[in-house]
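Please go through the strand pairing and the ring contacts of the model shown here.

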Amino acid sequence: MKQLPTLLMKSLSVCSLPASTATLQQIALHQPKGVAKVVLKKGKTQIFKDGNPMVYSGAVDRIIGRPPPKTGDVVLVADGTEKPIGWGLYNSVSMFCVRLMQLQDEATSDSNCALNMEKLIETRIDAAVEVRRRLGLPSVHTNAYRLINSEGDRLSGLIIDVFGDVAVVASSAAWVEKYKSEIEACLRKINYINHINWRPSVDILKEDGVNESDLKEMHSSTCPERTKIVENGIVYTISLKGQKTGFYADQRENRQFISRISDGLKVLDLCCYSGGFALNAVRGGALNVTGIDTSLLALELAKENVLLNSIDPERISFLKEDATEFMKGALLRNESWDIVIIDPPKLAPTKKALHNASGMYRNLNSLAMQLTKRGGLLMTCSCSGAVTQSGIFLRILQGAASMAGRRITVLRQSGAACDHPIDPSYPEGAYLTNILLRVS
């Protein structure tokens, strides 16, 4: 028998290992290029064994491997004794030097995906499609939803929203850029996806070491700028060049809740974007709805959505104005509303901005409370992860109530729609907080 080539012998050797005995170390030994090992400092292992996928540079003691790993390379992550606890993708520039993809136990129970990023991407996207299917998404009533929610779907740095037959990919990690073609191939297998719109988060990717000029060259899109979707039976035109991925699908269940409580009432929707809350209020029987936003593009979409749904324009109006200035003017005019909704943009993009953002949230909510009729309802929202993680939003609202000379009672707290899963081992992924208050 002729001598088999070395690589083939290695492949046969690792394939012959039973899944229960093929450890990460053994699998790594049979990789053709070898796999570097990122060794953690003493006392820094447990948080990652518990599931936090973001290995920060301060937790790393040393890196074993010559030549050193490059950004995007698969690496082992090991404890102080050099025993692997999992594997992930390395980044030589980011403060997060490894994004863990599988722990040791997962890799040994599913050796097909171990150290194989292409297979892991396919497996995780397939799993996400199945989870959404079990949640009833898409359906004839709703075809706008989140397919991949970063850490919540075990693909840290990748967000994919589906809007009808369009998949919008929001990339915020260097590894996502490296595996762009593999991600797109998985999406093309989904029978109702006809277009893919790639939207890199340029500022975040620059911090991850990705060259901005490469992003511009790679991601020119032929996708249409606008498309139509349906959510809870309401039709929307959305801009695929608009804010975030084009539509805030995470608020779907909160918008539907507003439709259930608006009958016969006067409603104010602050920072209304393309009119999601406002349209649901009218659909729910509101007598009069006012939407406020500073974006002319968003307001044009909102007005188009009124026509799309054959809503009486006498019952709903949209004004281009800063929310704070509008509220100050409305107070001078002694105006008030039965229901006020305020969903401002992210005011605390980082923990460092939390102090200043707390003051802005307090001032905005104080004004909103004063515009809410006594006994009326205020739905107030925060999409700042730093606020959610700190747990201070209710204290901010109590301070706002004191400023406004009002008393508040919490009636309901909610987060994002169910297709935005959160990994509890990485709480930074939890960002949306909606609180319904009775103001008296």
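Q: In which sense do E13 and strand E14 (residues 288-293) pair?
A: This is a predicted model, in which local features need pLDDT of at least 70, side-chain atom pairs count only at pLDDT 80 or more, and totals for chains, interfaces and linings use all residues. Residues are numbered from 1 along each chain as its sequence is written, and side-chain values use heavy atoms, with hydrogens and water left out. Strands (E, at least two residues) and helices (H or I, at least four) are DSSP runs numbered from the N terminus, and two strands pair if DSSP finds at least two bridges between them. E13 and E14 have five bridges, and the sense is parallel.

Q: Which residue in E14 stands opposite Val267?
A: Val267 has its counterpart in E14. That residue is Val289.

Q: Which strands are the edges of the open sheet of seven strands?
A: The sheet has mixed pairing and the order E15-E14-E13-E16-E17-E19-E18. Each edge strand pairs on one side only. They are strand E15 (316-320) and strand E18 (408-414).

Q: At what angle does helix H12 (residues 296-308) run to E15?
A: H12 lies across E14 and E15. Axes are lines fitted to C-alpha atoms, for helices over the stretch in contact (heavy atoms within 4.5 Å), and angles run from 0 to 180 degrees between N-to-C directions. The angle to E15 is about 170°.

Q: Which residues of H11 are buried?
A: Buried means under 20% relative accessible area, exposed over 50%, and partly exposed in between (1.4 Å probe, protein chains only). H11 is mostly covered, with seven of its eight residues buried. These are Gly276, Phe277, Ala278, Leu279, Asn280, Ala281 and Val282.

Q: How many aromatic pairs does a search of the whole structure find, and what kind is the pair of Phe48 and Tyr56?
A: Rings of Phe, Tyr and Trp (its six-membered ring) pair if their centres lie within 6.5 Å; planes under 30 degrees apart count as stacked, over 60 as edge-to-face and the rest as tilted. The search finds seven pairs. The rings of Phe48 and Tyr56 have centres 6.0 Å apart and planes at 50°, so this pair is tilted.

Q: What kind of pair do Tyr248 and Tyr273 form, and how many residues apart in sequence are the parts it ties together?
A: With ring centres 5.2 Å apart and planes at 75°, the pair of Tyr248 and Tyr273 is edge-to-face. Tyr248 lies in the loop between strand E12 (234-239) and helix H10 (252-261), and Tyr273 in the loop between strand E13 (266-270) and helix H11 (276-283), so the parts tied together are apart in sequence by 25 residues.
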